[in-house]
Amino acid sequence: MQRSELSRWLAAEQAKLVDELATKLRDGSDSDALTALRSRLSLIEETRARFDDSWQRRLRLVCVVAFAVVLTLTVLAVLKMPGAFVSLDVVARAASIVTGADGMVLHDIAVGESAQIRGAASVSSPLLDGSASDREQDAQFRATTLVLSELFVPRNSRLDVARQATEISLFAQPSDAEAVATFELAGAFHATLRPSANEGAISLDQTVDVPETFVLSSAKAVASRGTARPMEIVMDPPAGSTEIHDVYPVALAFVERSDATSGRPFVGSVVSGSLSVPEIDRTQHLHADDTLSVVGLDASRVRIRIGEQIHVELSGYANDIRLKSGSVARSLVPSLLEFAAKSHTLTFLWAAAGFLWGLIWAARKVLGL
Amino acid sequence: MIFKHCATVAVVLGLASEAWAAELPCLDLRPSTTNVPSYGRYSDPAVCEGFYERDVAAAFVELLGLTTLDPLVEEEGRVVIRASSVPASVTALLHIQPLSVSTLYRVDASLAGGAATWSTDSLRRATQLSLGDLAFLATAGMSKQKALLVVPVGGAGLAGSPPGFRVTVRLSTFATSLVWRAYPTFSKAPRDLQWKEALDQPKYAWDQAVFEVIPPDKDNSLTLEIKAAGRDRTWFQPLRVIVVGRDYAAK
């Protein structure tokens, strides 16, 4: 018999007994019959109370459990993992690289014939006496062979690399230390240094066999005055490509400066590429003009190739991965729920736990425990 | 993986010297997994020593040694290395490396107080090298323009050393020319910027070259530029260091 049927029967039986008892009381039946009837009625009432109580309790328990499950799933779906392993392969027009505590040194980034540097705080060269340096200035170099042989980007600073059709631009936003660019000028060269103040430009024209070195450094940020003036280097586009290894940025963003018309200072610079989060088997294809940023990066492998475009291959652990496609921005770090559902390790653990449970159950039965 | 320039090493040296005030200067190298002892700190807390690993592919000039002209002497397994006098604020580190690239063994030690006493036992047992097979270099961080600051070191100390110093470099690949020039860093007087050739014949990969520099003036710091070229006059990563300390100059 179903529980609901039992419940109905108990209710009907109780009503019937009450009727019977009332009839017997009116007719003045003997006390024995009344006592028997009353004890049966109280038994029925008691059973019914208990029966309904346990029924309601079960129902309440089911509700509570269901609510808890829904709540847990919601929380798991909303809460993100503290980070994820990410592996990306992106071709972009520009990239913005943030250095960690060690800063970074890039070698032989660009070889060309001309370069323009804006925002250098000092220029030093054996060809200049002390008086020429240590003043904010712009510089212009032309040479048979011009090499940006070294670019040092200090700790916690940003370097924007952008590759356009006719030039490559490097924009260093230094922190509490100076960014330093070392140029090697060989063959017939011409150098113009223009202090920003109203002073005459210094020009050098020479033909050298051994390259001459010019070292330009940026200003550095002074706490009371906020950010330092950035140093911008614009050079001929590199012939072929140069590769940057051994550089471990803590953040990376694929953005570029937009023309003023759009009203936003930065826009997405992705040309194509893909990104994968192996823990949850997610592969995300990137589209042209997407904005991708990876923050809190602890990279294990980084390769940046600057050719006609900027090609970044990277894998490592990131605290946050944000992708903005059109006007929709979202984080690609898996939620706890996604992680629990897709993680191979967790799947294995659950399977192993189930298997062990079955094994113990079977052993209990066999041993008769 | 490739690409470990001397400049990168120089940065490491610079950072190491900054961090040194608190702790001893073990460099961020890859300790050897096959040779014993691997690079690390052993009995002497002021010395990091041992075999390490590295991969290199770029063309560069590596500064191995910069020593005063008096010879270093070993007595009872110990060598006393003294630095030219430097301002008290400068923290110098001593780097000892074999001249031959085939032995990737190095010693990094503190030069606090301008002198260090180094026991040759460990190196001798591990490599059978003698004093003449080694290069000695002392660094004191980086200049604002990212040039390595170098302090000449020698055995006799300040008084007994003839003027000038000896520079030992290693070329990472075939080179037909190695030129250098040295000029006072801060002087406004006209400078002699003529390059001097240090090679009389081409050098092959990992060969060393040695030349002597007699500074023109008694000056507190001297910029030393070293450049090398391979076939077709393609120039290596340049090397630019600032030699600090007063006592190497002509007296």
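In this predicted model, E76(B) is found in the loop of chain B that runs between β5 (74-75) and β6 (78-83), and it has a positive phi of about 50° although it is not a glycine. With 6 C-beta neighbours inside 10 Å, a number within the limit of 12 or fewer, E76(B) counts as exposed.

**Backbone features of chain B**

- A second residue with a positive phi, near 65°, is K146(B), again a residue other than glycine; K146(B) is found in the loop between β10 (134-142) and β11 (148-151) of chain B.
- K146(B) has 24 C-beta neighbours inside 10 Å and therefore counts as buried, the threshold being 20 or more.
- Most residues other than glycine have a negative phi, and most peptide bonds are trans.
- The peptide bond from V36(B) to P37(B) is cis, with omega near 0°, and P37(B) lies in the loop between β1 (30-31) and β2 (40-41) of chain B.
- Of the 251 residues in chain B, 42% are buried, and among its contacts with a separation of 6 or more, 71% are between residues 24 or more positions apart.

**Overall form and domains of chain A**

- Chain A has a radius of gyration of 38 Å, well over the 21 Å that the globule rule gives for 369 residues, so the chain is more spread out than a compact globule.
- The C-alpha trace of chain A spans about 135 × 55 × 35 Å along its principal axes, and buried residues make up 31% of the chain.
- Contacts in chain A between residues at least 6 apart in sequence join residues at least 24 apart in 73% of cases.
- Chain A is divided into domain 1 (3-78), domain 2 (83-100 + 248-337) and domain 3 (103-242), and the centres of domain 1 and domain 2, taken over C-alpha atoms, are separated by 64 Å.

**Nonpolar cores**

- The largest nonpolar core has 75 residues, and those with the most contacts inside it are A95(A), F141(A), L148(A), A181(A), F183(A) and L185(A).
- Strand β5 (residues 137-153) of chain A gives the largest share of this core, 9 residues.
- Both domain 2 (83-100 + 248-337) and domain 3 (103-242) of chain A give residues to this core, so it lies between them.
- Leaving aside neighbours within four places in sequence, F183(A) is in contact with A115(A), F141(A), L146(A), V147(A), L148(A), S149(A) and F214(A).
- A second, separate core of 57 residues includes F136(B), A138(B), A175(B) and L224(B).

**From Y248(A) to strand β12**

- Y248(A) is placed in the loop between β11 and β12 (251-257) of chain A, where it is partly exposed, with 16 other C-beta atoms within 10 Å.
- Leaving aside neighbours within four places in sequence, Y248(A) is in contact with G100(A), A299(A) and V302(A).
- Although Y248(A) and L314(A) are 66 residues apart in sequence, their C-alpha atoms are 9.6 Å apart in space.
- β12(A) is mostly covered, with 5 of its 7 residues buried.
- Strand β2 (residues 94-98) of chain A pairs with β12(A) in the antiparallel sense over 3 bridges, and I97(A) stands opposite L252(A) in β12(A).
- Strand β16 (residues 291-295) of chain A is joined to β12(A) by 4 bridges and runs antiparallel to it, with L292(A) as the bridge partner of F254(A).
- Strand β13 (residues 266-268) of chain A is also antiparallel to β12(A) and joined to it by 3 bridges, and here E256(A) stands opposite V267(A).

Definitions and conventions
Residues are numbered from 1 along each chain as its sequence is written. Chains are lettered from A and ligands numbered from 1 in the order in which they are written. This is a predicted model: local features need pLDDT of at least 70, side-chain atom pairs count only at pLDDT 80 or more; totals for chains, interfaces and linings use all residues. The radius of gyration is taken over C-alpha atoms; the globule rule is 2.2 Å times the number of residues to the power 0.38. Two residues are in contact if their C-beta atoms, placed from the backbone, lie within 7 Å. A nonpolar core is a set of buried Ala, Val, Leu, Ile, Met, Phe, Trp, Tyr and Cys residues joined through C-beta atoms within 7 Å. Helices (H or I, at least four residues) and strands (E, at least two) are DSSP runs, numbered from the N terminus. Domain bounds come from an automatic or database domain assignment. Two strands pair if DSSP finds at least two bridges between them.
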